[in-house]
Amino acid sequence: MSALSVVGKSVRRVDDVEKVTGNTRYCPDLKLPGMLHARILRSQHPHARILRIDTSKAASLKGVRTVITGKDVPSEKVGMIRDRYVLARDVVRFAGDPVAAVAADTVEIAEEAMRLIRVDYEELPAVFDVEKAMEADPPAVVHPDLFKYSLQPMSAPTFMFEPDMPNVYIHRKVRRGDVQKGFREAAVVLEDRYTAPKIHHGALETTTIIVKPERDGGLTFWATTTRLFIDKSELARILHLPPSKIRIITPLMGGNFGSKNQSQIFMAQAAVLALKAGRPVKLVLSREEDLVDGGSREDMVVYIKDGVKKDGTLIAREMKLLINIGAYSSGNMISATIHALLQATGVYRIPNCNLDAYGIATNVPPAGSFLTFGAAQVYWAMEQHMDRLAERLDLDAAEIRRRNILKEGEENPTGRSAHSIGVRECLDKAADWIGWTVPQASERGPWRKGKGIAVGCKQTASGATSVVSVKVHEDATLEIRHTALEQGMGCHTILSQIAAEEFHTSMDRVRIVAADTGVTGFESGTMGQRTTTHTGNALILACRDAKRQLFDLASAKLGVPSEGLDTADGRVFVKGVPERAVKIAELFTPLGFLVKGGELVGRGVYFAPGGGSEDLQTGQSSGAALYGYYAAAAEVAVHEETGEIKLLRLAICAD
């Protein structure tokens with residue numbers, strides 16, 4: 001039974017029929033009896049003091065059930081640095097900051113009521129540019145009390161403030177070797193400035209929250225969120241409710257890419273409306289709201305200074321990452337600052353380096369989690385710089401990368417050891433597939449062809465936890481209960497494959513129960529390319545726990561110690577003697593329960609390796625280097641007169 005029969009095979013997605021027939025129910029599709037519809041009034045000013053809010057006309061409009069402002073919501077704040085009220089109080093800090101909310105019988109009535117709310121403001125100076133914002137005397141200080149704010153408990157050990165830079169949320173750094181000595185010894189020193197703009201996720205489904213008040217004083221949420229248990233804990237704190245009174249359910253998600261990682265603020269807004277109205281409330285962000293307050297990728301300025309030998313070997317590097325967090329830290333941007341810095345250390349051997357990452361507050365909409373979480377901007381800059389070095393030294397662009405890639409067991413600039421590092425193999429394959437060494441044919445006319453190549457890495461979540469349970473039904477169906485989210489990547493299919501493989505059964509004997517804090521186990525969050533490894537390992541442990549119980553039950557019937565048993569196709573059999581078997585159904589009573597124990601449920605908990613201890617002054621760490629590695633090569637044609645670009649060939653290899 002050692003050969004894999006399901007894992008690694010091409011299988012149908014378990015949700016394909018529902019999706020292609022349009023029967024999948026996403027959060028915006030859901031309706032509850034008596035449900036109200038919510039709309040949010042947002043500031044038009046990037047920075048202003050709230051002088052007065054008049055909601056009287058809105059509240060008296062027929063069909064309006066409740067109107068709330070900042071004074072109606074609890075005073076607890078949200079964010080990794082707790083810097084944002086559920087609705088703005090006293091000050092708005094970006095154009096789009098929520099100042100009031102309405103719940104009404106219809107969306108149209110709620111929108112009309114929103115237009116009847118009057119807000120008087122006193123405009124304040126604003127700052128939008130990160131380089132100006134990080135000055136000692138910036139045009140505006142976004143959070144004058146920044147250094148007094150409390151921190152999420154899990155974030156507290158990671159912070160370094162800069163008192164002389166009042167808009168710097170966090171400064172993290174890496175120090176290794178002697179950079180100035182490295183520059184003095186270098187044959188070539190090259191420095192430049194690179195910029196990467198904001199980008200929005202553009203998921204078809206915008207953020208949607210439905211919240212229902214329960215008779216016991218609790219709340220049930222149906223929400224487009226990826227961190228159900230973290231949100232549950234934070235909502236309990238914000239709303240002054242016991243955690244047991246909050247249940248969060250997330251259906252299949254209509255696109256994410258990180259935008260749904262910051263739904264907590266919208267869940268709290270809808271919850272306050274529902275509690276005040278005493279009825280279910282549905283909040284669906286418009287496309288404009290999703291763009292403004294749904295969390296876009298942070299814009300970034302990257303400074304790089306490299307020193308290299310004549311053969312292209314890197315001997316010194318200075319980098320400064322200026323990350324525009326925006327008005328609040330609620331989009332998980334403190335973690336993104338740390339994450340961006342780690343990307344700069346994952347691929348290349350750099351014996352001497354000074355790396356600095358600054359997360360900076362400005363009066364632009366809060367940034368949010370986005371694919372690669374800070375990595376893309378860093379590699380956009382680093383790989384351009386490697387190309388410029390190759391050009392300066394008259395070296396092949398692929399070869400200069402090969403000479404600097406970390407080898408197995410070497411320490412990266414943070415002191416973490418590189419293991420299972422396949423980036424060189426990825427580079428070689430991508431180069432081969434694109435025909436990197438084949439000379440470019442000379443051409444006539446305005447079209448010119450060229451090839452490019454790059455490498456990169458993606459650090460994944462360390463110290464994360466996944467809890468999975470597997471129930472074995474009397475008909476030998478396996479029920480997987482987990483809290484990883486299906487948001488397009490096929491995790492339900494992958495987990496079904498794993499369970500089917502463990503029990504040597506077919507995938508049609510596996511069913512999924514997912515993403516419901518009232519039923520499924522703890523999950524740190526569906527993000528950072530961690531689901532297959534983390535949730536998958538928890539599932540394997542749960543399957544093996546269930547099989548242990550199953551074999552203990554079958555042992556008496558077959559007269560064989562449990563370690564001598566295996567299972568396949570809904571049967572438990574003696575290893576080496578498959579005809580000596582008992583059907584799983586025979587281990588249950590006719591009513592479908594076990595005589596001993598009631599039901600058969602296996603449980604598995606997977607703890608990902610932690611990040612290890614870290615010296616915040618140097619960034620040196622004892623942790624593992626948890627990275628995925630990549631290479632990409634492309635051939636393009638560019639029209640010299642119009643700038644039109646055609647992608648001719650693209651090769652991507654991932655480890």
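1. Salt bridges first: the structure holds 44 of them, counting a side-chain nitrogen of Lys or Arg within 4 Å of a carboxyl oxygen of Asp or Glu. One of them joins the side chains of Arg193 and Glu131, at 2.7 Å from N to O. Arg193 sits in strand β10 (residues 188-196) and Glu131 in helix α4 (residues 130-133), so this pair ties together parts that are 62 residues apart in sequence.

2. Some ground rules. This is a predicted model, where local features need pLDDT of at least 70 and side-chain atom pairs count only at pLDDT 80 or more, while totals for chains, interfaces and linings use all residues. Residues are numbered from 1 along each chain as its sequence is written, and side-chain values use heavy atoms, with hydrogens and water left out. Helices (H or I, at least four residues) and strands (E, at least two) are DSSP runs numbered from the N terminus, and two strands pair if DSSP finds at least two bridges between them.

3. Now the sheet of 4 strands. It is open, with order β21-β20-β19-β25 and mixed pairing. The edges are β21 (510-514) and β25 (600-607); each has a single partner strand, so one side of each is left without a neighbour in the sheet. On average, neighbouring strands here are turned by 20° against each other, direction ignored. Inside the sheet, β19 (residues 465-472) and β20 (residues 478-482) run antiparallel and are joined by 4 bridges, with Ser469 opposite Arg481 in β20.

4. Two helices pack on that sheet. Helix α13 (residues 491-503) touches β19, β20 and β21, and its direction makes about 135° with that of β20. Helix α14 (residues 531-558) lies across β19, β20 and β25, at about 145° to β25. For these numbers, contact means heavy atoms within 4.5 Å; axes are lines fitted to C-alpha atoms, for helices over the stretch in contact, and angles run from 0 to 180 degrees between N-to-C directions.

5. How do α13 and α14 pack against each other? Their angle is about 30° and their axes are 9 Å apart. That makes α13 roughly parallel to α14 (under 35 degrees is roughly parallel, over 145 roughly antiparallel, 65 to 115 roughly perpendicular, and the rest oblique). Contact residues include Ile494, Leu495 and Ile498 of α13 and Leu539, Ile540 and Cys543 of α14. By class, the contact has 11 nonpolar, 4 polar and 3 charged residues, taking Ala, Val, Leu, Ile, Met, Phe, Trp, Tyr, Cys and Pro as nonpolar, Asp, Glu, Lys and Arg as charged, and the others, Gly among them, as polar.

6. Compare another helix pair, α6 (residues 228-239) and α7 (residues 264-277). Their axes come within 10 Å and cross at roughly 45°, which makes α6 oblique to α7. This crossing is right-handed. Among the contact residues are Leu235 and Ile238 of α6 and Met267 and Ala268 of α7; the contact divides into 8 nonpolar, 1 polar and 2 charged residues.

7. Last, a hairpin worth a look. Strands β23 (residues 571-574) and β24 (residues 577-583) pair in the antiparallel sense over 4 bridges, and Arg571 has Lys583 in β24 as its bridge partner. The hairpin has 2 residues between the strands, and Gly576 takes a positive phi near 85°.

Conventions:
Left-handed = near helix turned anticlockwise from the far one by under 90°.
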